[in-house]
Amino acid sequence: MKKILFRALALLFVVFYASGTSVYGQRHSSDEMRRIQDAKVAIITNRLDLTQEQSAGFWPLYNEYSQQRRQIHRDMRKIFGEKKADGVDDRAAMNNLKEVQELKQKELDLEKDYQQRFLKVITASQLAELYKAEKTFNDMLIQRLKQNRRQD
C-alpha cells in the first residue's frame, strides 16, 4: 500500500511540475516553487510515516534546516557563478576554493547539529529514510528537468 501511495505521489509531482515548468536554467515562479515544495513534503511525509506528535516537532525543525542548507548552497553557487571570471588568477581561484571548502564544512556541521536535533523528534530509522526520501526527490526533480530540457 505504501509503495502504491508513493508512486501516486511521485506521479502527482511529475504532473504538477510538468504543467507549469519554465525552461531549464531559468528562475522558477513562486507558484512553481510552491508546487515543487508541496511535492517534496508529500514524499517525505509518506516515506517517514510520522505520527501527529512527530509531525508537529519535525516540520518546523526540517524547514529551519532546509532554509539554512539552501543558503549555504546559494553561497556556493554565487562563488562558482559570479566569481567565475575568465581572467581569474591562481590566488583568486585558490581563495574561491577555500571559500567553497569552508561552506562544505559549514554544511557538514549543520547536518551534524540537526541530526542530533532530529533524533529528539524522530527515530534513527526515520532519519535514514528522510535522507533517502530527499535523494529520491532530488533525483526525480533532476530527471524531470532533463526531460524538459530535451523537449525545448
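Student: What makes Glu134 and Arg69 a salt bridge in this structure?

Tutor: In this predicted model, the side chains of Glu134 and Arg69 meet with N and O 3.0 Å apart. The cut-off is a side-chain nitrogen of Lys or Arg within 4 Å of a carboxyl oxygen of Asp or Glu, so the pair counts as a salt bridge.

Student: Where in the chain do Glu134 and Arg69 sit?

Tutor: Glu134 is in helix H5 and Arg69 is in helix H3. They are 65 residues apart, so this pair links distant parts of the chain. Both Glu134 and Arg69 are buried.

Student: Why is Asp38 called partly exposed?

Tutor: Buried means under 20% relative accessible area and exposed means over 50%. Asp38 has 41% relative accessibility, so the label is partly exposed. Arg34, at 48%, is partly exposed as well.

Student: How do Asp38 and Arg34 relate to each other along helix H2?

Tutor: They are 4 residues apart in H2, about one turn of the helix.

Student: What makes Asp113 and Arg117 a salt bridge?

Tutor: Their closest N and O atoms are 3.8 Å apart. The limit is within 4 Å, so the pair qualifies. Asp113 and Arg117 are 4 residues apart in helix H4, about one helical turn. Asp113 is partly exposed at 38% relative accessibility, and Arg117 is partly exposed at 30%.

Student: How many salt bridges are there by this rule?

Tutor: The count comes to 8. Arg47, Glu129 and Lys132 are linked in a network of salt bridges.

Student: How do you know what span to expect for helix H2?

Tutor: The expected span is 1.5 Å times one less than the number of residues. H2 covers residues 30-48, which is 19 residues, and the expected value is 27 Å. From first C-alpha to last, H2 reaches 26 Å, close to that value. Just after H2, Asp49 takes a positive phi of about 50°.

Student: Which residues have the most contacts inside the largest nonpolar core?

Tutor: That core has 27 residues, and those with the most contacts inside it are Ile44, Leu48, Phe58, Tyr62, Phe118, Ile122 and Leu130. Helices H2, H3, H4 and H5 each give two or more residues to this core, and H3 gives the most, with 8 residues. In H2, the buried residues include Ile44 and Leu48.

How values were computed:
Residues numbered from 1 in each chain as written. Predicted model: local features only at pLDDT ≥ 70, side-chain atom pairs only at ≥ 80, totals over all residues. Heavy atoms only, no water. Buried < 20%, exposed > 50% of the residue type's maximum accessible area, 1.4 Å probe, protein only. Core = buried A, V, L, I, M, F, W, Y, C linked by side-chain atoms within 4.5 Å.
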